[in-house]
Amino acid sequence: MLTVIEFVAFTVFVAVLSAYKTRGEKLDTEEGYFVAGHSLPGIVIAGSLMMTNLSAEQLVGTNGQAFSGSMATMAWEATSAFALVILAFVLLPKFLKGNISTIPQFYEMRYDTFTMRMFSIMFLFAYVITMLPTILYSGSVALEKIFDIQQIFGISYFTAILIVCFATGLIGMAYSVFGGLKAVAYSDTINGVGLLIGGFMVPVLGFIALGQLDGGGFFAGIKHFATATPEKMNAWSAPNAMAPYIPWPLLFTGMFVNNMFYWATNQSIIQRSLGAKNLAEAQKGAIWAGFFKCLDVFVIVIPGIIAYQLMDAGVLQSSGSGAAFDGDAAYPLLVMHVMPKPIMGFFAAVMFGAILSSFNSVLNSSSTIFSLNIWKPIFGKNADAKKVVKVGQIFGLIVGILAIIISPFIMYFGSGIMNFINECWGLFSMPILCAVLFGMLNKNVSALAPKIGVPVHIVMYAIGYLFVFEHIHYLYWVFVCFLVQCVIYFACAKFAPRKTPFEIPNVPQISLTPWKTGKIWATAGILVVVVMYLIFSPLVLG
């Protein structure tokens, strides 16, 4: 009962505070609804970026990868800082200068309407068919285990998952559909504070549990963590390593361009930055998010190693007689082992917030893309702002309901659903990235480039999936696909250039004065990543 009370109390607190912070907002305008009226400060952007990226499937899945692999898994988190620096100082000034609200909007401005529609459909397909239902399902699995809904109500597992999916989706839609981007961003930030508290409790309590193995406490646990399994401490995996390990050459190739796609061109991520009150705050949000991603290592990587060491010592055991201890079981079992029962409700609310964050952020981005890039230019050329926002809200409701209906059935997809999501993004990632980079940095690339690049990439990626991925890490092939895209764009710029060189329109709605100390903070963030890789290397702990 205490767990339920704590869960409800913290969840209601987030909803009330978000409603208070967004009172009086003009949500019947495109600017107010889709880009938060250009009012978001840097810390809200940073918190929202972190929470949009972080959800239950990562708390469970990334820690599971660390359990099965090593500290090399931290590449997904720490190296994001490099992409966020490029976003802050290369792309954001251009996006905000042109008053760009969506990535597809830029595609139309830079190339043509066909290109915009092509990429809009790609984004919507990835968001609606794969991301939203899976976010709901994976989060519902975690919450169902914490509250043991199946046993309490005496219902089937499918029904229990359906109930949690419905409740989570309904609340997520309330934030996103009726509150707009600003409500999403503020709820993300509040939940982010809770996640920092609850998330960091897990490794701290885990260190204490490790220390008890040696008759000590927290500091003895840190020593045990650093020395018990040195092979797990090495973040520099061999060049021929396979997933979940990250071969060290990928840090400078496939992982780098993958992070560039996700953090600099993914609509559901950078939409927060596009809603900044000025360029300086947008840059603060991006750079501070890089620091947060380094902190994420303590939340979604290190607990997986702790779980491995506790399992190795015989403390953690999988549920069920004779059941195998696999990576997916690592984080939930660690939480159940180390988290005090009186605060389990608070932790469940934090998990719930992480689920909501990813769900409502993707839902808001889906509504934005559909309303501004598909419905308005085709069916609503003369529609006023209220009508556009209303269409976005209706689309969000429809998509949210579809996600709720689909999500419970994901349990029948097998254990490869997360791999399916990553592979789905892989079909689009490099064309999306190159269309933005070359569109921004090369004035002569014509609309022919993305029209050739997209089908070539899809064919190449399909070949990789069928014949290559079982032999080399798939991110190597992603980098090969990136290089092929670059060749296509350079060739089109040289042999089939635009009739007139492209210039970003100078129509900013906010101040474009950059963050004065931004480059100092960016350098500090990069140094933090370098130090982390030095610590988790054969020179120190590995």
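Leaving aside neighbours within four places in sequence, T168 is in contact with L136, L143, F352, I355 and L356. Contact here means heavy atoms within 4.5 Å. T168 is found in helix α10. Helices are DSSP runs of H or I with at least four residues, strands are runs of E with at least two, and both are numbered from the N terminus. T168 has a relative accessible area of 1% and is therefore buried. The term buried stands for under 20% relative accessible area, exposed for over 50%, and partly exposed for values in between, with a 1.4 Å probe and protein chains only.

The model is predicted: local features need pLDDT of at least 70, side-chain atom pairs count only at pLDDT 80 or more, and totals for chains, interfaces and linings use all residues. Residues are numbered from 1 along each chain as its sequence is written, and side-chain values use heavy atoms, with hydrogens and water left out.

Helix α10 also takes part in a pocket. The second largest pocket has a volume of about 310 Å³. Its lining comprises 13 residues, of which F7, F147, I149, I163 and V164 are the closest to the centre. Two or more lining residues come from each of α1 (2-21), α8 (113-147), α9 (149-153) and α10 (157-213). The most come from α10, which gives 4 residues. By class, the lining has 12 nonpolar residues, 1 polar residue and no charged ones. Nonpolar covers Ala, Val, Leu, Ile, Met, Phe, Trp, Tyr, Cys and Pro; charged covers Asp, Glu, Lys and Arg; the others, Gly among them, are polar. Pockets were found on a 1 Å grid over the protein atoms alone, as open sets of points with protein on both sides within 12 Å along at least five of seven lines; lining residues have an atom within 4 Å of a point. Grid points are joined across faces, edges and corners, and the volume is the space filled by probe spheres set on the points.

The whole structure holds 26 aromatic pairs. The ring centres of F123 and W425 lie 6.5 Å apart with planes at 65 degrees, so this pair is edge-to-face. The pair links distant parts of the chain, 302 residues apart: F123 belongs to helix α8 and W425 to helix α20 (residues 417-426). Both F123 and W425 are buried. The rings of W515 and W521 have centres 6.1 Å apart and planes at 15 degrees, so they are stacked. Pairing requires ring centres of Phe, Tyr or Trp (its six-membered ring) within 6.5 Å; planes under 30 degrees apart are stacked, over 60 edge-to-face, and the rest tilted. W515 counts as buried at 11% relative accessibility, whereas W521 is partly exposed at 39%. One aromatic cluster is formed by F95, F106, Y107 and F119.

Two lysines lie over aromatic rings. The charged end of K232 sits over the ring of Y308, 4.1 Å from its centre. K494 lies over the face of F495, at 5.8 Å from the ring centre. The criterion is NZ of Lys or CZ of Arg within 6 Å of the ring centre and within 35 degrees of the ring normal.

Several loop residues were also examined. F469 lies in the loop between α22 (448-468) and α23. At 14% relative accessibility, F469 counts as buried. Not counting residues up to four places away in sequence, F469 touches M242, Y461, G464, Y474 and W477. The C-alpha atoms of F469 and M242 are 9.3 Å apart, although 227 residues separate the two along the chain. Q509 is found in the loop between α23 (474-495) and α24 (518-535). At 48% relative accessibility, Q509 is partly exposed. Q509 and I100 are 409 residues apart in sequence, with a C-alpha to C-alpha distance of 9.8 Å.

Backbone geometry was checked in two further loops. N99 is placed in the loop between α6 (80-97) and α7 (103-110). Phi of N99 is near 55 degrees, a positive value in a residue other than glycine. N99 is partly exposed, with a relative accessible area of 23%. The peptide bond from A243 to P244 is cis, with omega near 10 degrees. P244 is found in the loop between α12 (230-233) and α13. Helix α13 itself (residues 254-264) is mostly covered, with 10 of its 11 residues buried. Among them are M255, F261, Y262 and W263.

Notes:
On a 1 Å grid over the protein atoms alone, a cavity is a set of points where a 1.4 Å probe fits but cannot get out, and a pocket is an open set with protein on both sides within 12 Å along at least five of seven lines; lining residues have an atom within 4 Å of a point.
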